[in-house]
Amino acid sequence: MIKLTGIEKYFFAGTPNAIKALDSINLEIKQGDFITLIGSNGAGKSTLLKAIAGVINVDAGKIEIEGEDVTGQAEHVRARDIGRIDQDPMASTAAELSIEENLAMAYLRGQRRGLAKAVSTRRTAIFQEALQVIGLGLENRLKVPVGTLSGGQRQALALVMATIARPKLLLLDEHTAALDPNAAKLVMGITEQVVSGNKLTTIMITHNMEQAIRYGNRLIMMHRGRIILDFDASEKKDLTVPALVNKFTSTSGAVFDDDRVLLA
Ligand SMILES: Nc1ncnc2c1ncn2[C@@H]1O[C@H](COP(=O)(O)OP(=O)(O)O)[C@@H](O)[C@H]1O
Ligand SMILES: [Mg+2]
C-alpha cells in the first residue's frame, strides 16, 4: 500500500557537517499495518515521517502511496491522504478556535474539491459522533475554545482531527511524549481505539520500548538513518525490553545508550 524505495536524505550536504539522516530506506507497509518505530535520538525517525508526509524533500528514492508516485508531491496535496500529529499539543490544534472549528478545518482539508459542502447540521453530527468515541465528553463542548483544554485533551482532539477525513495513513511522532504520565496513558488508549477501530494504517514513533512492544502489529527499529530491525506480529508477541536491547546491540554493533529510551 505504501512503498519506500532507496530513500536517502542528507542535511548540510557537501560540508564538513554533512549528516546522512536517511540511508537506503526500503519499506513496504501493508494496508492496516500499525507500526511502532523506535530508535535512539537522532536515528532518523522524525525525518522518515517528514519525508513520507512531504514536509521535507528526499535526495534520492521513491515514495509510493497505493501505486501512485508521490515523491515530488507538495505537502498540502499529500495531506489529503495523510494525518499527522507531533509531540506538541499547541501545534497540533489551534488554541483560539473552538473544538468545532478545529474539526471543520481538519475535515475540509481531507475533502476533494466539490465534496467540501457537507451541510453544517450533518457535519456537526459527524463531529459529535467522532468525539463520542474518545469518551472525554468533548461532543458536548463544541463551542469551547481549544486553548481552555488540557494537553491530553488537545492531543486526543488532534487524533480525531487527523483521522476524521479517513486518511490512508496516520503518522504519529511521539504524540504522547510531552504529556504527563496519566494524560499520556489516556491518549495512548484513545490512539489504540481510533487506530484499531478504523483499521488505520499507522506509523507511531515512540521512545518507550514497552509501548513499542505492546502496541501495533509490527515493530521497526532505526539506527543512524537505517532500518536495522523489523519484527512482524508473531516475532513481536514474545519480545521483551531486554531482548530488544540485546537485538539492537547484536545488529548495530553499538551499545544502546539513549537514557531517554532506556529509562522510559
Ligand atoms: N532540519 C534539519 N536540519 C539539519 N539536521 C537535521 C534536521 N532534521 C534532522 N536533522 C538531523 O538528522 C538526524 C536525524 O534526526 P531526526 O530524524 O530528528 O532523528 P530522531 O527523530 O530519530 O531523533 C539527526 O542527526 C538530526 O540532527
Ligand atoms: Mg524525532
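Predicted model: local features only at pLDDT ≥ 70, side-chain atom pairs only at ≥ 80, totals over all residues.
Local features need pLDDT of at least 70 and side-chain atom pairs count only at pLDDT 80 or more, while totals for chains, interfaces and linings use all residues. Residues are numbered from 1 along each chain as its sequence is written, chains are lettered from A and ligands numbered from 1 in the order in which they are written, and side-chain values use heavy atoms, with hydrogens and water left out.

The sheet comes first. Helices (H or I, at least four residues) and strands (E, at least two) are DSSP runs, numbered from the N terminus. Four strands make up an open sheet, ordered E2-E1-E4-E5, with antiparallel pairing; two strands pair if DSSP finds at least two bridges between them. At the edges sit strand E2 (19-29) and strand E5 (68-69), each of which pairs on one side only. E5 is joined to strand E4 (residues 60-65) by two bridges, and the two run antiparallel. Asp 69 of E5 is the bridge partner of Glu 64. Helix H1 (residues 45-53) packs on this sheet and touches strand E1 (2-11), E2 and E4, where contact means heavy atoms within 4.5 Å. The direction of H1 makes about 60° with that of E2. Axes here are lines fitted to C-alpha atoms, for helices over the stretch in contact, and angles run from 0 to 180 degrees between N-to-C directions.

Next, the helix pairs. Helix H4 (residues 99-109) and helix H5 (residues 120-134) have axes that come within 11 Å and cross at roughly 100°, so H4 and H5 are roughly perpendicular (angles under 35 degrees count as roughly parallel, over 145 as roughly antiparallel, 65 to 115 as roughly perpendicular and the rest as oblique). H4 brings Ile 99, Glu 100, Leu 103, Ala 104 and Tyr 107 to the contact, and H5 brings Arg 123, Thr 124, Ile 126, Phe 127 and Leu 131. By type, the residues of this contact are seven nonpolar, one polar and two charged (Ala, Val, Leu, Ile, Met, Phe, Trp, Tyr, Cys and Pro count as nonpolar, Asp, Glu, Lys and Arg as charged, and the others, Gly among them, as polar).

H5 also meets helix H6 (residues 151-163): their axes come within 10 Å and cross at roughly 130°, which makes H5 oblique to H6. Ala 130, Leu 131 and Ile 134 of H5 touch Ala 156, Leu 157 and Val 160 of H6. That contact has six nonpolar residues, no polar and no charged.

Finally, Asn 102 lies in helix H4. Leaving out residues up to four places away in sequence, Asn 102 touches Thr 93, Ala 94, Leu 97, Val 146 and Met 161.
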